[in-house]
Amino acid sequence: MATLWIGNIAPGTSDDELKALLVKYGFPAFDGIEHIPGDGSRPAVMLTFYQTDAMQLQQLQARVHNLFWKERRLNVSVMPARK
């Protein structure tokens, strides 16, 4: 299991839009999503991948980190494993 953090997404971005973007760049479909609204100016999501490990996500991370999408520059990080 691995977790991917995507910050600075455009408000109102749907789960399907996120899934389509990631699949376009070679990511597997995520299994779970948690929306992190923050103060509303820079929302984020935490995506859970049950059949993927952190190393696989790290190899794909560079494809979307700092990507300019929907008038925002995405900030993407692979989260350390939770215990």
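A residue is called buried when its relative accessible area is under 20%, exposed when over 50%, and partly exposed in between, using a 1.4 Å probe and protein chains only. Val23, at 44% relative accessibility, therefore counts as partly exposed.

The structure is a predicted model, in which local features need pLDDT of at least 70 and side-chain atom pairs count only at pLDDT 80 or more, while totals for chains, interfaces and linings use all residues. Residues are numbered from 1 along each chain as its sequence is written, and side-chain values use heavy atoms, with hydrogens and water left out.

Helices (H or I, at least four residues) and strands (E, at least two) are DSSP runs, numbered from the N terminus. Val23 lies in helix α1, which spans residues 15–24. The buried residues of this helix are Leu18, Leu21 and Leu22. Seen down the axis of α1, they fall within an arc of 95 degrees, so they line one face of the helix; the arc is that of the directions from the helix axis to the C-beta atoms. The face turned away from this buried side carries the exposed residues Asp16 and Lys24. Among the elements that cover the buried residues of α1 are β1, β3 and α2. After the helix comes Gly26, whose phi is positive, near 95 degrees.

The next topic is the nonpolar core. Such a core is a set of buried Ala, Val, Leu, Ile, Met, Phe, Trp, Tyr and Cys residues joined through side-chain atoms within 4.5 Å. The largest one has 20 residues, of which Leu4, Ile6, Leu22, Phe27, Leu47 and Leu74 touch the most other members. Two or more residues come from each of β1, α1, β3, α2 and β6. Contact means heavy atoms within 4.5 Å. Leaving aside residues up to four places away in sequence, Phe27 touches Leu4, Leu22, Phe49, Leu57, Leu60, Gln61 and Val64.

Two of these elements, β1 (residues 2–7) and β6, pair in the antiparallel sense over five bridges; strands pair if DSSP finds at least two bridges between them. Leu4 stands opposite Val78 in β6. In a regular strand the side chains alternate between the two faces of the sheet. In β6 (residues 75–79), Val76 and Val78 form a covered face, whereas Asn75, Ser77 and Met79 form an uncovered one.

Finally, Thr52 lies in the loop between β3 and α2. At 9% relative accessibility, Thr52 counts as buried. Residues up to four places away in sequence aside, Thr52 touches Met1, Ala2, Pro28 and Leu57.
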